[in-house]
Amino acid sequence: MERKYWKESVIYELYTRSFKDSNGDGIGDFGGILEKIDYLEYLGVDTVWLPPIYVSADVDRGYDVKNFRSIQPEYGTMEQFENILTEFHRRGIKLVLDIVPNHTSIEHEWFQQARSSKDNPYHNYYIWEKENPDGTLPSNWRSHLGRPAWTWNEQTEEYYLHLYSDKQPDLNWDNPQVRQEIYDIMRFWLEKGIDGFRIDAVNVISKDRRFPDSDQETLQAKGEEFYKNGPHIHDYLHEMNKELKRDFEFFTAGETSAVHDHDVLRYTKQEREELDMVLSAEASELADQDEDKYKSKKWTVHDFREVLRKWQKDVGDDGGWFGLYLSHHDAPRMVSTFADDGEYRIPSAKLLATMLHTLRGTPFIFQGEELGMTNFPHFDSIDSIDDREALSYYDLKVNGKVLL
């Protein structure tokens with residue numbers, strides 16, 4: 001197997017907003033990162049991944065992008081970002097950015113144009129459907145917030161698709177112009193010298209455009225059999241690879257869910273020229289009920305071992321590659337989930353870390369794992385929660401409805 005630096009790296013997820021606040025406004029920022037770069041070097045981290053830092057409407061903490069080429073003002077400036085990149089590189093630390101190719105903010109200029117008229121050149125940047133002849137929605141798909149994945153647009157008298165919030169309309173990857181727009185955005189950041197991308201929700205960008213109804217009985221993401229690992233996903237990723245890797249040396253880690261061993265090989269075998277590695281949340285979601293991610297289920301050490309065995313053994317040595325994580329910004333802390341966060345917190349954290357760093361695959365650690373951090377003990381009320389999906393779920397369960 002060919003050696004690649006990203007196969008031998010430790011990748012540290014640094015969530016800017018909660019990492020280090022340098023100006024006292026309660027929000028982490030670039031100044032805080034600059035203050036802690038020596039700490040990251042001391043840890044031995046050789047690659048840092050920053051979740052979205054772009055201008056955002058902040059409905060989904062940066063994953064609803066308004067402008068892919070500008071910095072969210074509360075984090076800092078482009079000059080500070082460039083300084084961070086220089087300081088990382090001076091210490092031999094590579095920098096990876098999140099790119100969000102599946103959707104934009106409803107406030108993005110593309111969507112503002114697209115929703116105004118069917119004749120607008122940007123209209124085909126998004127996915128639109130009329131209601132069914134019987135007046136029902138184009139399909140029964142549900143978003144990850146538990147509500148219908150279709151929202152009415154009065155100006156064009158159509159529904160637009162959103163697999164996430166209705167404030168995050170899905171892009172139409174079947175439109176070549178959309179694909180080129182995303183490649184151009186990636187090129188913009190590669191020209192600044194970044195070393196790679198973690199590609200958010202990458203295996204949902206291609207949808208079955210017949211929009212068949214689903215018989216899935218899940219609260220979130222109903223219909224995902226028609227858009228996860230969709231019909232043209234491999235064509236589009238190959239095109240992305242060929243467009244950008246002829247000019248830049250960088251690596252791609254694709255966030256994927258509902259993938260199996262054969263999917264890993266399709267996405268990451270070198271000769272296929274698609275992704276360099278996939279990230280699957282299967283291990284971190286072991287304790288979640290399949291039909292309702294907010295309800296925990298009983299699991300055993302055998303269950304945990306079986307998930308890890310599958311990724312270690314079934315992928316094999318056929319050229320596929322994957323990242324390993326037990327914690328990330330969408331999941332609880334691994335010590336609280338898989339071990340003991342009380343009396344045995346420290347040995348538990350060491351045990352899980354030792355396992356993570358010695359298995360085959362690239363380890364991804366979430367800020368604080370090096371300290372054995374645990375979940376926040378408890379929240380006093382729903383008013384303490386500031387997460388779109390959690391709030392929508394709460395409203396559904398308590399009040400019998402979901403937030404719009």
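Reader: How many salt bridges does a search of the whole structure find?
Author: The search finds 30 salt bridges, each one a side-chain nitrogen of Lys or Arg within 4 Å of a carboxyl oxygen of Asp or Glu. Please keep in mind that this is a predicted model, where local features need pLDDT of at least 70 and side-chain atom pairs count only at pLDDT 80 or more, while totals for chains, interfaces and linings use all residues. Residues are numbered from 1 along each chain as its sequence is written, and side-chain values use heavy atoms, with hydrogens and water left out.

Reader: Why is the pair Arg187 and Asp247 called a salt bridge?
Author: Their side chains are 2.9 Å apart, N to O, and the cut-off is 4 Å, so the pair qualifies. It links distant parts of the chain, 60 residues apart: Arg187 sits in helix α6 (residues 176-192) and Asp247 in the loop between α7 and β10 (251-256). Helices (H or I, at least four residues) and strands (E, at least two) are DSSP runs, numbered from the N terminus.

Reader: What makes Asp247 partly exposed?
Author: Its relative accessible area is 45%. Buried means under 20%, exposed over 50%, and partly exposed in between (1.4 Å probe, protein chains only), so 45% falls in the middle class.

Reader: Why do Glu273 and Lys242 count as a salt bridge?
Author: The N to O distance is 3.6 Å, which is within the cut-off, so this pair counts too. Glu273 lies in the loop between α8 (261-268) and β11 (277-280), and Lys242 in helix α7, 31 residues apart. Both partners are partly exposed, Glu273 at 30% and Lys242 at 42%.

Reader: Are Arg272 and Glu274, which meet in a salt bridge, buried, partly exposed or exposed?
Author: Arg272 is partly exposed, with a relative accessible area of 33%. Glu274 has 5%, which is under the limit for buried, so it is called buried. Elsewhere, salt bridges that share partners join Arg17, Asp58, Arg61, Glu74 and Asp386 into one network.

Reader: How do you know that Arg115 has no salt bridge?
Author: The nearest side chain of opposite charge, Asp166, is 8.5 Å away. Lys and Arg count as positive and Asp and Glu as negative (His and the chain ends are not counted), and 8.5 Å is beyond the cut-off, so no salt bridge is assigned to this buried residue. Arg115 is found in the loop between α5 (109-114) and β6 (128-129). Contact means heavy atoms within 4.5 Å, and, leaving aside neighbours within four places in sequence, Arg115 is in contact with Ile106, Trp128, Asn153, Gln155 and Thr156.
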